[in-house]
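Work through these exercises with the sequence and the coordinates open. Try each task before reading its solution.

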Amino acid sequence: MAPVKSEKDLKTVFKEALKEKEIKWTERLLRWRYEKEGKQVPEEASLRERAGEVAANAREVVSKRGKRVFEEFRKAIKP
């Protein structure tokens with residue numbers, strides 16, 4: 001990782017790190033949900049793409065409605 005030059009750079013790095021964690025967490029939730037429902041888990045690339053979409057949708061909903069993040073994630077991952 002390159003050294004951080006300013007506070008703005010630090011915020012950007014922090015936001016990207018959080019976004020990556022959201023996607024990984026969403027991947028785990030999706031994988032769990034597929035397994036729980038007895039469905040075949042999609043291949044890694046497909047699962048990651050879907051997780052990115054779900055996380056983006058959840059962020060949008062949270063920013064518009066101002067509700068708690070966990071509740072919105074639960075709603076977003078329902079098939």
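The exercises below go from the overall fold to single residues.

The model is predicted: local features need pLDDT of at least 70, side-chain atom pairs count only at pLDDT 80 or more, and totals for chains, interfaces and linings use all residues. Residues are numbered from 1 along each chain as its sequence is written, and side-chain values use heavy atoms, with hydrogens and water left out.

**Exercise 1. Overall fold**

Solution: 
- Start with DSSP runs, numbered from the N terminus: helices are H or I with at least four residues, strands are E with at least two.
- The protein has three helices and zero strands. The order from the N terminus is α-α-α.
- Next, burial: buried means under 20% relative accessible area, exposed over 50%, and partly exposed in between (1.4 Å probe, protein chains only). Of the 79 residues, 18% are buried.
- Then contacts, meaning heavy atoms within 4.5 Å. Among contacts with a separation of 6 or more, 50% join residues 24 or more positions apart.
- Last, the surface, by the Shrake-Rupley method with a 1.4 Å probe; for residues, only the protein chains shown count as cover. The protein exposes about 6300 Å², and 54% of that comes from carbon and sulfur atoms.

**Exercise 2. Helix lengths**

Solution: 
- The expected span is 1.5 Å times one less than the number of residues.
- Helix 1 covers residues 7–36. Its 30 residues should span 44 Å, and its end C-alpha atoms lie 43 Å apart, which agrees.
- After helix 1 comes G38, with a positive phi near 75 degrees.
- Helix 2 covers residues 44–65; its 22 residues should span 32 Å, and the end C-alpha atoms are 31 Å apart, which agrees.

**Exercise 3. The faces of helix 2**

Solution: 
- The buried residues are L47, A51, V54, A55, A58 and V62.
- An α-helix has 3.6 residues a turn, so residues three or four places apart point the same way.
- On the other side, A45, E49, S63 and K64 are exposed.

**Exercise 4. Buried residues of helix 1**

Task: Which residues of helix 1 are buried, and what do T26 and E27 touch?

Solution: 
- Buried in helix 1 are I23, T26, E27, L29 and L30.
- T26 has a relative accessible area of 0%. Beyond four places in sequence, T26 contacts A51, V54, A55, F73 and I77.
- E27 counts as buried at 7%. Beyond four places, E27 touches E44, L47, R48 and A51.
- The side chains of E27 and R48 make a polar contact at 2.8 Å. Such a contact is a pair of N or O atoms within 3.5 Å; within protein, one must be able to donate a hydrogen and the other to accept it, and residues adjacent in sequence count only if both atoms are side-chain atoms.
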